[in-house]
Amino acid sequence: MNAMLPEPTRLGNTDIMIPPMGVGTWSWGDRLFWGYGRGYAFQDVQDVFEISLEAGITFFDTADSYGRGHSERILGELARQVKTHPVIATKFMPYPWRLTRKSLVGALRKSLKRLGLQQVQLYQVHHPLPPVPIETWASALADVVELDLTQAVGVSNYSIAQMRRAQTTLAKRNLLLASNQVEYHLLNRKIEFNGLLDLCKETGVTVLAYSPLAQGVLTGKYSPQNPPPGIRGMRYGSKLLAQLPPLFRVMREIGQAHGGKSLSQVALNWVMCKGAVPIPGAKNATQAQENSGALGWRLTPDEVAQIDHASQKIQ
């Protein structure tokens, strides 16, 4: 076991302790977006799980929509093979046919069955999708806490106004919102500028940052001539990729000052320095080892400012 395990942090205002970085499991079992079964498979994901635990990264985030539940099944199978009890979070997708509070309760019971658990530490509403009001799902989150199916509750992709509405509803049931999971990375810093990050800090809500490496773009492995495959290439096109070298130069220089840290390790450390918990994905042992190298050191405030300045020039 790694002797230098990361210092745990509190999840929201709960007693649940998590490492300063977790693992996102969207790619575990997802064939459509990530190509599970083509280039990586169960053994690779098992390597990720074991390497992450070895590094003290014991927090895993999944969802019932990831691979149509396959991600939950894989994570549950892996968790049963180890003596360590990882902290597991999953999410409820409010599909158009899920219209009542009971549908959230039923969905969590199915998630627990796939995971092979009696309870998860964190249950989240995946999106604030219409037509069901924010208040209905917040009330349902309170229901599953009272049913002892989850210890804490969170939301994902919620704006300030939506988060406040959820908090107000939960407060009526004497509950606090533990987390808001949002996209946050050097190429998407909206939550810094729209007040969401500050509000979360003020109200004790943990920001879980998904896609903290911009779906692989911040690793530096893509270029205008070699864009990301599939849907990712449509989002991160050649125009954006052509603007990244100046930012990468700053990040590489700073990484060298910390013993040769890579672009992705600097990008993940930057998220942690901003007060959020990054949950990068990993499809194989190499990526898991790379991610774990973001722990055990810290950017200085001046280095964060340099990176901030360089990233603001990207349109």
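A cavity is a set of points, on a 1 Å grid over the protein atoms alone, where a 1.4 Å probe fits but cannot get out, and lining residues have an atom within 4 Å of a point. The model is predicted: local features need pLDDT of at least 70, side-chain atom pairs count only at pLDDT 80 or more, and totals for chains, interfaces and linings use all residues. Residues are numbered from 1 along each chain as its sequence is written, and side-chain values use heavy atoms, with hydrogens and water left out.

**Exercise 1.** Describe the largest cavity by volume, lining and residue class.

*Solution.* 
Step 1. The structure holds 1 cavity of 30 Å³ or more.
Step 2. The largest cavity has about 50 Å³ of space, a volume being the space filled by probe spheres set on the points, which are joined across faces, edges and corners.
Step 3. Its lining consists of Met21, Gly22, Val23, Val48, Ser52, Ile57, Pro280, Ala282, Ala288 and Asn291.
Step 4. At least two lining residues come from each of α1 and α12 (285–292); helices here are DSSP runs (H or I, at least four residues) and strands likewise (E, at least two), numbered from the N terminus.
Step 5. The lining divides into 7 nonpolar, 3 polar and no charged residues. Nonpolar means Ala, Val, Leu, Ile, Met, Phe, Trp, Tyr, Cys and Pro; charged means Asp, Glu, Lys and Arg; the others, Gly among them, are polar.

**Exercise 2.** Classify the packing of α1 against α2.

*Solution.* 
Step 1. Helix α1 (residues 42–54) and helix α2 (residues 70–80) pack at about 55 degrees, their axes 11 Å apart. Axes are lines fitted to C-alpha atoms, for helices over the stretch in contact, with angles from 0 to 180 degrees between N-to-C directions.
Step 2. The two helices are therefore oblique to each other (under 35 degrees is roughly parallel, over 145 roughly antiparallel, 65 to 115 roughly perpendicular, the rest oblique).
Step 3. Phe42, Val45, Gln46 and Phe49 of α1 meet Ile74, Leu75, Glu77, Leu78 and Ala79 of α2, contact being heavy atoms within 4.5 Å.
Step 4. This contact has 7 nonpolar, 1 polar and 1 charged residues.

Note on methods. 1 Å grid on protein atoms, 1.4 Å probe; cavity = no way out; pocket = protein on both sides within 12 Å on 5 of 7 lines; lining within 4 Å.
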